[in-house]
Amino acid sequence: MAIFNKVLPSLAKADERLAALMTESVTKREYSHLSELASVSEKVRAAIAEIERIEPPAAAPEPAVRKRAAAPKAEAEAPKRRRRSPPKRGYPKYSRRGDSLVRTEWSNSKNVEQTHAVPYPTVAQIATTIVGDGGAMFRKNILTELSTPDGKQLPIHQVYLILGWLLASKAIRKKGRGDYIPNYAKLTAEALRGSFNELSEADGK
């Protein structure tokens with residue numbers, strides 16, 4: 001009943017007042033009316049409990065949950081056509097042009113073959129340096145510090161070109177990062193020249 005909702009606040013205030021009076025009586029050590037105050041307080045609290053049993057307090061309304069608008073479905077994108085590059089099978093290729101070692105590789109960005117050449121004397125210089133090191137294994141940095149006959153540092157791309165051919169011809173074998181195991185039998189001047197002469201002649205100039 002609606003009347004109960006009007007009575008409850010008054011009863012709650014009365015219970016708080018009774019509790020304050022009992023606390024004050026204990027503080028002042030005035031116990032003569034303490035039991036009477038406690039009895040009345042129990043009756044007030046019993047009345048509050050009975051009213052709440054008959055008419056439970058209305059629950060606070062839950063805030064309305066706004067439904068989020070469904071995001072518009074993105075239109076299916078048309079599959080992008082991937083540019084197909086020719087297979088790399090067969091690259092790099094090694095050949096000779098006159099007295100130069102030639103490496104031919106495929107450029108994906110330009111879709112053309114690219115060639116790089118290095119004079120045979122530089123190939124022999126690399127092989128001589130490896131043989132002169134004499135170890136069971138050598139590091140790449142003994143080659144990257146070499147100089148050309150005119151005193152300039154040997155271009156790094158030429159070092160890699162020659163290392164690639166020596167790997168392909170089994171004259172060296174890769175062992176870890178930057179480490180190689182030499183096959184001294186194939187690095188002698190005679191064996192190296194023989195492997196070079198067996199290369200096919202490169203097309204063009």
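A: Helices (H or I, at least four residues) and strands (E, at least two) are DSSP runs, numbered from the N terminus. The model is predicted, so local features need pLDDT of at least 70 and side-chain atom pairs count only at pLDDT 80 or more, while totals for chains, interfaces and linings use all residues. Residues are numbered from 1 along each chain as its sequence is written, and side-chain values use heavy atoms, leaving out hydrogens and water.

The helix in question is α5, which gives the most to the lining of the largest pocket, with 6 residues. A pocket is an open set of points, on a 1 Å grid over the protein atoms alone, where a 1.4 Å probe fits and protein lies on both sides within 12 Å along at least five of seven lines; its lining residues have an atom within 4 Å of a point. The volume is about 160 Å³, taken as the space filled by probe spheres set on the points, with grid points joined across faces, edges and corners. Strand β2, like α5, supplies at least two lining residues. Among the residues of the lining are Pro92, Tyr94, Arg103, Glu105, His116, His157 and Tyr180.

Arg103, one of these lining residues, lies in β2, which spans residues 100–107. Its side chain makes a polar contact of 2.4 Å with that of Tyr94 and another, of 3.1 Å, with that of Glu105. A polar contact is a pair of N or O atoms within 3.5 Å; within protein, one must be able to donate a hydrogen and the other to accept it, and residues adjacent in sequence count only if both atoms are side-chain atoms. Not counting residues up to four places away in sequence, Arg103 also touches others (heavy atoms within 4.5 Å), including Pro92, His116, Leu161 and Gly164.

Pro92 belongs to the loop between α2 (34–54) and β1 (93–97). The peptide bond that joins Tyr91 to Pro92 is cis, with omega about 0°.

Helix α5 covers residues 156–168 and lies across β5 and β6, running at about 100° to β5. Such angles run from 0 to 180 degrees between the N-to-C directions of axes, which are lines fitted to C-alpha atoms, for helices over the stretch in contact. Those two strands belong to an open sheet of 3 strands, ordered β4-β6-β5 with antiparallel pairing. The edge strands, β4 (138–139) and β5 (172–174), each pair on one side only. Two strands count as paired if DSSP finds at least two bridges between them; β4 and β6 (residues 179–182) are joined by 2 bridges. Within β6, Asp179 is the bridge partner of Arg139.

Lys170, in the loop between α5 and β5, has a positive phi of about 70° although it is not a glycine. Lys170 counts as exposed because its relative accessibility is 56%; exposed means over 50% relative accessible area, buried under 20% and partly exposed in between (1.4 Å probe, protein chains only). Thr144, in helix α4 (residues 141–144), counts as buried because its value is 19%. Leaving aside neighbours within four places in sequence, Thr144 is in contact with Gln153, Ile156 and Val159.
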